[in-house]
Amino acid sequence: MAGEFDLIRRHFARATPATTLGPGDDCALLTPSPGQTLAVTTDMLVAGVHFAPDADPEGLGWKTLAVNVSDLAAMGAKPRWALLAGALPNADDDWIGAFARGFFACAARYQLDLVGGDTTRGPLTLSVTAIGELPAGLALRRDGAREGDDLWISGTPGLAALALAARQGRTTLPETLRSACDTALDTPTPRVELGLALREEHLAHAAIDVSDGLLADLTHILERSALAAEVDLGELAPAPEGVASALWHDCLLAGGDDYELLFTAPSAHRQAITALAKRLALPLTRCGRLHVGTPGALSVRDRNGDPLTLTRRGYDHFG
């Protein structure tokens, strides 16, 4: 059986061209670009909580890095480096090789160097620290939203949660929809290009990636910016054919695992944001507005303009 360091050398030793000193020493040495500040984030994925224990390892490798890259995108940061730590129940060479292929496919797509990490035996747990950079003072912070801002969402939130609902037997999906939902859940696309454009073109005031649910993550912006909001469900995607409206509304508003960007922007930027959507070939939907009110308070109006009763806002690990 291969030892720990042999597995690391064979599966995770790669060139690190953007790094002063990569893996192999006690620490990596990183040199930010002149005038840049670092954005650093950490996410942990636990088998049985964030993914099924029998999840495809290549897709899991992609997602393990992608969910961290998504945090960098939300700040308008350019991805640069990552560290990977994992607890593995056993040294399954085939599983580790497939995981590494997915991880490095994501790293190549977003031009990150893997610069270090750690591994140990234990229940399957994967943790990444991702590091990006951006000009000082220009991050898209959660506390930057302003009264009167429009609320925008990228892509089609709700698909990932709908995939989970199908896997749990709570709904049945036609094959084409099932495929799209599985892709959204298993191999999400971090919206790096969008985050960079929103920051570089000064289009947005605040942003967050949707991991726990649209309403739950919107609440973080509202609380940090001391504002309230109204969400217009009628502007968001309707329930796919054959999917119950109640289930779709729950997936759309509170399902999470979307890794789309939710951002606020002044109404004067509507035309520019519409043009950006065309340029990126990415749907950007204006779905609400921020206003003065109790910090964190929000209301949702249904497709008829009537208030929608909310049963939950999103996922809470300890809720």
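Q: In which loop does Ala 226 lie?
A: This is a predicted model, in which local features need pLDDT of at least 70, side-chain atom pairs count only at pLDDT 80 or more, and totals for chains, interfaces and linings use all residues. Residues are numbered from 1 along each chain as its sequence is written, and side-chain values use heavy atoms, with hydrogens and water left out. With helices (H or I, at least four residues) and strands (E, at least two) taken as DSSP runs numbered from the N terminus, Ala 226 belongs to the loop between helix 7 and strand 7 (228-232).

Q: Is Ala 226 buried, partly exposed or exposed?
A: A residue is buried under 20% relative accessible area, exposed over 50% and partly exposed in between, for a 1.4 Å probe and protein chains only. The relative accessible area of Ala 226 is 46%, so Ala 226 is partly exposed.

Q: What is the phi of Tyr 259, a residue other than glycine?
A: Tyr 259 sits in the loop between helix 8 and strand 8 (261-265), and its relative accessibility of 8% makes it buried. Most residues other than glycine have a negative phi. For Tyr 259, however, phi is positive, with a value near 60°.

Q: How many degrees lie between the planes of Trp 62 and Tyr 110?
A: Rings of Phe, Tyr and Trp (its six-membered ring) pair if their centres lie within 6.5 Å, and planes under 30 degrees apart count as stacked, over 60 as edge-to-face and the rest as tilted. Five aromatic pairs are found in a search of the whole structure. Trp 62 and Tyr 110 form an edge-to-face pair, 6.4 Å from centre to centre, with an angle between the planes of 65°.

Q: How many residues apart in sequence are the parts that the pair of Trp 62 and Tyr 110 ties together?
A: Trp 62 is buried at 18% relative accessible area, and Tyr 110 is buried at 6%. Trp 62 is in helix 2 (residues 57-75) and Tyr 110 in helix 3 (residues 93-110), so the separation in sequence is 48 residues.

Q: How far apart are the end C-alpha atoms of helix 3?
A: The expected span of a helix is 1.5 Å times one less than its number of residues. Helix 3 has 18 residues and should therefore span 26 Å, which agrees with the distance between its end C-alpha atoms, 26 Å.
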